[in-house]
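Please work through each task before reading its solution.

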Amino acid sequence: LFFFFKKIGFGAAHLCLAFFVANYVLFLLLKRRPGAPRQSQAGLRKLAYLLLALLSLQVVYGAFMAGTRAGFMYQTFPLMNGVFFPNTALASPSFLDSLLNNVDMIQFIHRSLGWLILALGTVVAIGCFRRAETGRQRTVGLLLGVLLLVQFGLGITVVLVDGIPPLMGASHQLGAFLLVSTTLALIHGCYGHQDGSDGTESLAA
């Protein structure tokens, strides 16, 4: 494990720690802010929590992509050099090693999570927007939808462009941060508990 972090993990860990610390600060600030009227759809609230979890995992694999330079391996889209799943993704000694060190598997997971987040996030954003009881809820739902499209488009561009310009890579990282933050704000503003308590309380458990 130490060898892994020595190889690619210190930069990844630093990026992930910065993301999570900043969003924990946002979480604390949201808890101090008076809540808006809560939407009652328990199913959509659970999907919003799932979206936040998937985004957090995507941030980790995005850091792995940068640390291993896996983005240079398959500069085609939507397929990976003409195939959906490259055989070399399972060439590592163990499945766990493939998940953590195999650049083919890392890019496959990052791409797959991107599609899943786009689909799930669209459902959550539309649900929040359509059932909005305040302008703030409508805005955060719309913002999430826009950020999903922009971030997905940036991800495709990063894959296709030779060399990955630093500004483009930084924009993609910023987009990820804004997506996580917006999802956290959406959970607080749209899918809190009906008793008026803060919908983000379960995140601190």
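**Exercise 1.** Is Met73 buried, partly exposed or exposed?

Solution. The structure is a predicted model. Begin with the position: Met73 lies in the loop between α2 and α3 (95-101). Next, take its relative accessible area, which is 42%. Buried requires a value under 20% and exposed a value over 50%. Met73 is therefore partly exposed, at 42%. As a further step, compare sequence with space: Met73 and Asp104 are 31 residues apart in sequence, and their C-alpha atoms are 7.4 Å apart.

**Exercise 2.** Classify Leu17 by its accessibility and state which surface patch includes this residue.

Solution. Leu17 belongs to helix α1. Its relative accessible area is 54%. Because the cut-off for exposed is over 50%, Leu17 counts as exposed. Leu17 forms a nonpolar surface patch with Val21, Val25 and Leu29. Together these four residues have about 370 Å² of accessible area.

**Exercise 3.** Describe the largest pocket: its volume, its lining and the element that gives the most to that lining.

Solution. The volume of the largest pocket is about 880 Å³. Its lining consists of 37 residues, and Gly62, Met65, His110, Val158 and His172 lie nearest the centre. Two or more lining residues come from each of α1 (2-32), α2 (42-68), α4 (103-130), α5 (135-160) and α6 (166-190). The greatest contribution is that of α6, with eight residues. By residue class, the lining of the largest pocket comprises 24 nonpolar, 11 polar and two charged residues.

Key
Residues numbered from 1 in each chain as written. Predicted model: local features only at pLDDT ≥ 70, side-chain atom pairs only at ≥ 80, totals over all residues. Heavy atoms only, no water. 1 Å grid on protein atoms, 1.4 Å probe; cavity = no way out; pocket = protein on both sides within 12 Å on 5 of 7 lines; lining within 4 Å. Points joined across faces, edges and corners; volume = space filled by probe spheres on them. Helix = DSSP H or I, 4+ residues; strand = E, 2+ residues; numbered from the N terminus. Nonpolar A, V, L, I, M, F, W, Y, C, P; charged D, E, K, R; others polar. Patch = residues over 30% accessible without salt bridge, like charges linked within 9 Å, V, L, I, M, F, W, Y side chains within 5 Å. Areas by Shrake-Rupley, 256 points an atom, 1.4 Å probe, with all protein chains shown as cover. Salt bridge = Lys/Arg side-chain N within 4 Å of Asp/Glu carboxyl O. Buried < 20%, exposed > 50% of the residue type's maximum accessible area, 1.4 Å probe, protein only.
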